[in-house]
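Please look over the sequence and the structure shown below, and keep both in view while reading the report that follows.

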Amino acid sequence: MKHRWLAAKRWYLSTRHFASPFKEMLDAEVPGPKTPFRRIEFVSLDIETTGLDARSADMLSVGWVLIRDARVDLATARSLIVRPSGEVGSSASVHGLTDTLVGTGLKWTEALAEVVTALTGRVLLVHHAGLDKALLDRMCLSHFGAALPVPVVDTLALEHRRQQRMHHIDTKQSLKLSDLRDTYGLPRYNAHDCLVDAIATAELLLAMVARNGGRQATRLRDL
């Protein structure tokens with residue numbers, strides 16, 4: 001149903017006029033639910049923000065890396081500093097992005113255009129879509145006039161569904177990116193750097209797929 005809803009939404013939006021690169025993103029074919037894992041290109045993305053409320057937070061930095069042929073392609077890694085509409089505030093103590101640093105960054109519309117271009121024909125991969133995808137939706141709605149209609153895989157939601165299938169949800173287990181990487185035997189990285197977190201999320205997805213069915217059997221619908 002999610003794929004059908006997305007396909008219907010993309011078809012409807014294709015009847016409207018949008019500026020580039022949103023138009024090109026809509027015109028591009030996206031992977032269907034039966035697409036094998038190895039044939040999917042994922043954009044593993046992370047955003048550092050001024051807060052945790054996607055309705056009001058500003059983007060301060062965004063980083064992404066592609067998964068191609070079931071491998072993290074580090075040659076595609078990209079990281080942008082973004083100039084917010086206001087001050088960084090107390091969030092600087094978390095990610096280290098000061099007003100001086102972000103003051104030299106791109107306009108948010110320029111950064112958003114690069115993200116939309118990267119997502120053209122690909123699947124968005126995030127850890128906690130409730131923040132990153134919701135923020136991108138708000139930004140796209142503001143700048144282009146529509147939310148971001150791309151397939152999304154959320155490693156946090158994926159783990160939660162896995163526990164539900166096992167009829168064992170451990171309410172004490174943290175689903176934070178770093179803690180979930182521990183669960184899957186992955187090394188710890190320094191958190192709150194958007195590119196590092198994007199790479200960490202990409203590696204986590206590969207580990208989850210390897211443990212839960214393998215790359216040969218997995219389809220997009222399984223994620």
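Leu-97 lies in the loop that runs between helix 3 (92-95) and helix 4 (99-102). In this model, which is a predicted one, Leu-97 has a relative accessibility of 9% and counts as buried, because buried means under 20% relative accessible area. Although Leu-97 and Glu-48 are 49 residues apart in sequence, their C-alpha atoms are 8.7 Å apart in space.

**The chain as a whole**

The protein chain contains nine helices and five strands, and when the sequence is read along its length these elements follow the pattern α-α-β-β-β-α-α-α-β-α-β-α-α-α. The C-alpha trace spans about 45 × 45 × 35 Å along its principal axes. The radius of gyration of the protein chain is 17 Å, which agrees with the value near 17 Å that a compact globule of 223 residues would have.

Of the 223 residues in the protein chain, 47% are buried. Among the contacts with a separation of 6 or more, 66% are accounted for by residues 24 or more positions apart. The protein chain exposes about 11400 Å², and carbon and sulfur atoms supply 53% of that area. As for charge, there are 29 positive and 25 negative side chains, and the centres of these two sets lie 8 Å apart.

**Two residues with polar side-chain contacts**

Arg-122 is placed in the loop between helix 5 (108-119) and strand 4 (123-126), and with a relative accessible area of 17% Arg-122 is buried. Which side chain does a polar contact of 2.6 Å join to that of Arg-122? The partner is Glu-41, whose side chain is joined to that of Arg-122 by this polar contact. When neighbours within four places in sequence are left aside, Arg-122 is in contact with Glu-41, Val-43, Leu-66, Arg-68, Thr-117 and Pro-151.

Thr-155 is found in helix 7, which covers residues 155-165, and with 0% relative accessibility Thr-155 counts as buried. The side chain of Thr-155 makes a polar contact of 2.6 Å with the side chain of His-127. Again leaving aside neighbours within four places in sequence, the residues in contact with Thr-155 include Leu-125, Val-126, Leu-180, Thr-201 and Met-208, as well as His-127 itself.

**Backbone details in the loops**

The peptide bond that leads from Ser-20 to Pro-21 is cis, with omega near 0°, and Pro-21 lies in the loop between helix 1 (2-14) and helix 2 (22-27). A further loop, the one between strand 2 (59-68) and strand 3 (71-81), holds Asp-69, and Ala-70 has its place in the loop between strand 2 and strand 3 as well. Phi of Asp-69 is near 50°, a positive value in a residue other than glycine, while Ala-70, which is not a glycine either, has a positive phi of about 60°.

**Towards the end of the chain**

Ala-210 has its place in helix 9, which covers residues 194-211, and at 49% relative accessibility Ala-210 counts as partly exposed. Ala-210 and Trp-108 are 102 residues apart in sequence, and from C-alpha to C-alpha they are 36 Å apart in space.

Arg-221 is found in the segment after helix 9. Why does Arg-221 count as exposed? Arg-221 has a relative accessible area of 55%, and exposed means over 50%, so Arg-221 is placed in that class. The C-alpha atoms of Arg-221 and Gly-32 are separated by 8.1 Å, although these two residues are 189 residues apart along the chain. Apart from neighbours within four places in sequence, Arg-221 is in contact with Pro-33 and Lys-34.

| Pair | Separation in sequence | C-alpha to C-alpha distance |
|---|---|---|
| Leu-97 and Glu-48 | 49 residues | 8.7 Å |
| Ala-210 and Trp-108 | 102 residues | 36 Å |
| Arg-221 and Gly-32 | 189 residues | 8.1 Å |

Technical notes. Residues numbered from 1 in each chain as written. Predicted model: local features only at pLDDT ≥ 70, side-chain atom pairs only at ≥ 80, totals over all residues. Heavy atoms only, no water. Helix = DSSP H or I, 4+ residues; strand = E, 2+ residues; numbered from the N terminus. Rg over C-alpha atoms; globule rule 2.2 N^0.38 Å. Buried < 20%, exposed > 50% of the residue type's maximum accessible area, 1.4 Å probe, protein only. Contact = heavy atoms within 4.5 Å. Areas by Shrake-Rupley, 256 points an atom, 1.4 Å probe, with all protein chains shown as cover. Lys, Arg positive; Asp, Glu negative; His and termini not counted. Charge placed at Lys NZ, Arg CZ, Asp CG, Glu CD. Polar contact = N/O pair within 3.5 Å; in protein donor to acceptor, adjacent residues only side chain to side chain.
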